[in-house]
Amino acid sequence: MKQGFLAICAAATALLAASVAQAGTLDAVKARGKLVCGVSLATPGFAAPDDKGRMQGFDADVCRSVAAAVFGDGDKIEFVPTNINTRFQALQSGEIDMLSRQTTQTFSREASLGLDFGPTVFYDGQGLMVAKSLGVSSAKELTDAAVCTLPGTTTAQNLSDFFRTIGGKFELVVFESPDENRAAFFAGRCEAISSDRSDLASIRAVANNPDDYIVLPETISKEPLAPAVRQNDSNWRDIMSWSVWMLMAAEEKGITQANVDEMLKSPDPDIQRMLGVTDELGAMLGLDNKWGYNVIKTVGNYGELFERNLGEKTRLGLTRGPNAQWNAGGLVYAPPFR
Amino acid sequence: MNFLNDMRFRAFCYQIGAIGLVVAVAWTMFATASDNLAKQNIATGFGFLARQAGFVISETAITYQPTDSIARAILVGIVNTVKVSLLAAILGTVLGLFVGVARMSRNPLLARLALAYVEVLRNVPLLLYLFLWYSLIIMVFPPVKQALNILPGVYLSNSGLVLPAIFVENGAAIFALFICAGLAAAILIRRISQQRRLTTGKPNHGTVIACLALVLPPLVLWMLGLVSFGWDIPQAGRFRLTGGLHVRPEFVALLFGLLLSVSASIAEIVRAGIQAIGPGQWEAAAALGLHRSRVMRLVVLPQALRLIIPPLTNTYLTVFKNSSLAIAIGYPDLVMVSNTVMNQTGQAIETIAIFMGVYLSLSIAISLTMNWYNARVALKVR
């Protein structure tokens with residue numbers, strides 16, 4: 001809490017100190033020589049430093065793709081861990097250039113917080129996890145149970161709404177720290193723990209025996225996680241959005257980190273435009289014409305990002321589900337590059 | 001004579017200048033902030049308070065539904081903060097008084113024990129104690145399914161203590177009226193008996209009669225059948241106990257953390273107060289033939305009280321402010337509710353302004369009350 005409070009104060013001070021630049025984030029980033037990206041404190045799979053101190057994870061790689069698009073180098077980047085309470089202030093005040101932090105795109109955030117969201121990078125939904133020994137197979141059976149959760153925006157509200165629809169009561173136990181939240185759940189203070197399903201997967205991964213817990217089938221909310229930038233800078237928003245779409249389109253076209261050099265010789269006109277062999281797409285965004293090539297060369301395509309950080313071979317063990325390509329039954333759909 | 005050399009005039013000018021500077025800085029900050037917020041299309045103002053809160057609060061001392069307004073949710077948080085700090089202050093004062101007196105005991109074992117108690121509690125941050133108490137509760141007691149049934153209807157588990165609750169079935173209004181009347185009568189009787197004792201110098205039975213006056217009216221009411229009570233007995237539900245009175249582990253951990261830390265500070269204040277009373281007082285009282293325990297109770301402590309009150313004010317303020325550590329262990333105090341509101345509305349500046357305002361005004365209220373009490377008990381110079 002203390003930390004969060006300080007961060008809020010810092011953000012407030014930044015708001016007070018000087019007028020924030022409205023446009024030209026790209027120029028500011030280029031002048032600075034690095035991209036400043038806000039990520040989670042430590043969420044395995046999304047953003048967490050590895051044993052060498054390098055930030056790893058899905059959200060971190062989304063940041064790297066933008067850095068690669070701007071500089072042709074994914075390491076010209078500074079990661080700023082942001083608190084759940086102050087992430088938006090950090091963006092508003094100009095402390096970070098973009099926010100890539102498991103953040104749900106919602107109407108009121110977009111309309112009242114002075115920010116613009118990019119494309120959804122991960123289709124998530126809030127779920128509930130319980131111990132198998134509880135003998136529960138549906139969240140609808142959880143009337144009168146206690147649910148442990150973090151003070152997220154939508155989490156507490158979704159739970160309240162869900163239990164109101166099924167006409168039941170429940171006891172909500174809210175913890176500020178993820179560690180306390182997990183510990184209370186594993187000790188049996190609560191019957192269930194609730195968060196985004198991706199987050200439940202990372203909580204389950206750190207249990208003594210992950211097989212003792214199951215995530216219940218109900219998804220009680222839609223949580224499209226998307227990166228965000230400050231409002232009123234459409235050039236910068238375009239760069240973020242199309243960097244993400246570049247990842248998605250590359251998967252669709254079969255361009256990978258390994259084969260991107262060969263793909264430069266591909267006869268497919270779409271691929272030629274994406275990698276900057278023909279046309280001048282990069283220049284239209286104020287970027288190098290090889291930006292698409294740089295993005296894929298640096299982080300790989302969307303599928304590679306997913307498998308590397310969240311996929312079935314990782315500790316999180318998530319399946320693609322709705323995050324598969326549109327032509328494979330999922331929702332991932334990049335607009336055409338032309 | 002030049003009025004610029006007038007000390008009073010110059011002091012006045014400095015003060016005006018200082019106030020002006022503060023106001024100007026505050027105004028600039030406010031204007032820049034609201035200008036920046038407006039430029040970035042960020043909602044401002046306190047309109048969000050009337051919106052529906054939409055979230056559940058597990059511990060509510062006043063009625064609250066998720067359909068109530070955000071303002072109501074914040075009020076629930078304020079009441080929870082006041083509840084836990086008030087209880088911690090009262091219980092901590094009683095405990096601290098005993099420990100402080102024990103510190104001065106001539107029994108070395110008791111004195112050392114009290115010293116250890118004070119030092120162990122004073123020298124570790126409260127937050128760590130909160131984590132400790134909470135983990136102990138969660139780890140030591142069994143899950144609610146295997147709750148310990150310590151007495152009929154009383155269950156203890158890591159989800160807290162569940163007790164049968166008593167409630168007034170009918171005649172609540174007249175019952176409350178009789179309790180108030182009994183209380184008023186008891187205070188009056190006690191005052192009269194004290195007055196009489198001062199004038200006659202003879203002991204009387206005022207206290208006993210006052211207690212009777214307190215208890216008799218509601219008792220008579222109940223015997224006449226004008227008021228009846230019902231029991232809300234906890235029942236085992238599928239997951240946990242429903243009904244009855246729930247004392248949650250988050251509340252208990254916070255209460256214990258606060259009350260133990262405040263009792264250690266108060267013990268030191270009490271010790272200092274006692275030591276500040278000159279040995280002459282002890283000797284004089286002993287010469288009158290009073291036993292040591294009565295010397296303490298009738299001669300030393302009443303005089304020490306005057307010295308104890310001012311530092312006590314500080315301690316009470318600390319308890320109240322420290323209750324905001326509740327957020328670490330999941331007790332829904334003002335800060336936690338405000339945090340949820342902040343998350344939901346994104347209006348951090350306004351929400352923080354509200355909770356800072358609440359802390360400030362309640363702290364000032366505590367100070368004023370304690371100052372008033374201090375003025376009452378202070379040594380009157382006649």
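Predicted model: local features only at pLDDT ≥ 70, side-chain atom pairs only at ≥ 80, totals over all residues.
View 1. In soluble globular proteins, nonpolar side chains tend to be buried together.

**View 2. A:Trp236 and the residues around it.** Which residues does A:Trp236 touch, once those up to four places away in sequence are not counted? The list runs A:Thr25, A:Leu26, A:Val29, A:Leu35, A:Val66, A:Val70, A:Asp97 and A:Val229. Notice that A:Asp97 and A:Thr25 are part of this set of contacts too.

**View 3. A:Ser234, a residue of helix 9 in chain A.** Is A:Ser234 buried or exposed? A:Ser234 has a relative accessibility of 54%, so it counts as exposed, the cut-off for that being over 50%. Now look for A:Pro224: it sits 10 residues from A:Ser234 in sequence, and the two C-alpha atoms are 21 Å apart in space.

**View 4. The two domains of chain A.** Domain 1 is made of two stretches, 2-123 and 225-328, while domain 2 covers 126-221. Their centres, taken over C-alpha atoms, are separated by 29 Å. Where the domains meet, 13 residues of domain 1 and 10 residues of domain 2 take part in the contact. About 890 Å² is buried between these two domains of chain A, and carbon and sulfur atoms give 56% of that area.

**View 5. The domains of chain B.** Chain B is assigned domain 1 (3-40), domain 2 (70-164 + 233-377) and domain 3 (168-232).

**View 6. Where chain B meets chain A.** Here 50 residues of chain B are in contact with 51 residues of chain A. The size of an interface is often given as the accessible area lost when the parts come together. Between chain B and chain A, the buried area is about 4200 Å², with 54% of it from carbon and sulfur atoms. The two chains share three salt bridges, and nine residue pairs are in polar contact across the interface (both at pLDDT 80 or more). On the chain B side, the elements that give two or more residues are helix 1, helix 4, helix 7, helix 10 and helix 11. Helix 10 of chain B has the largest share, eight residues.

View 7. A:Glu171 belongs to strand 10 of chain A, residues 171-174. A:Glu171 has a relative accessible area of 9%, so it is buried, the limit being under 20%. Its side chain makes a polar contact of 2.8 Å with the side chain of A:Arg189 and another of 2.9 Å with that of B:Arg248. Beyond its neighbours within four places in sequence, A:Glu171 also has contacts including A:Ala145, A:Val147, B:Ser58 and B:Arg240. Follow A:Arg189 across to chain B, and you'll find its side chain in a salt bridge with B:Glu250 (2.8 Å, N to O).

Methods
Residues numbered from 1 in each chain as written. Chains lettered and ligands numbered in written order. Heavy atoms only, no water. Domains from an automatic or database assignment. Contact = heavy atoms within 4.5 Å. Buried area = accessible area lost by both parts, 1.4 Å probe. Salt bridge = Lys/Arg side-chain N within 4 Å of Asp/Glu carboxyl O. Polar contact = N/O pair within 3.5 Å; in protein donor to acceptor, adjacent residues only side chain to side chain. Helix = DSSP H or I, 4+ residues; strand = E, 2+ residues; numbered from the N terminus. Buried < 20%, exposed > 50% of the residue type's maximum accessible area, 1.4 Å probe, protein only.
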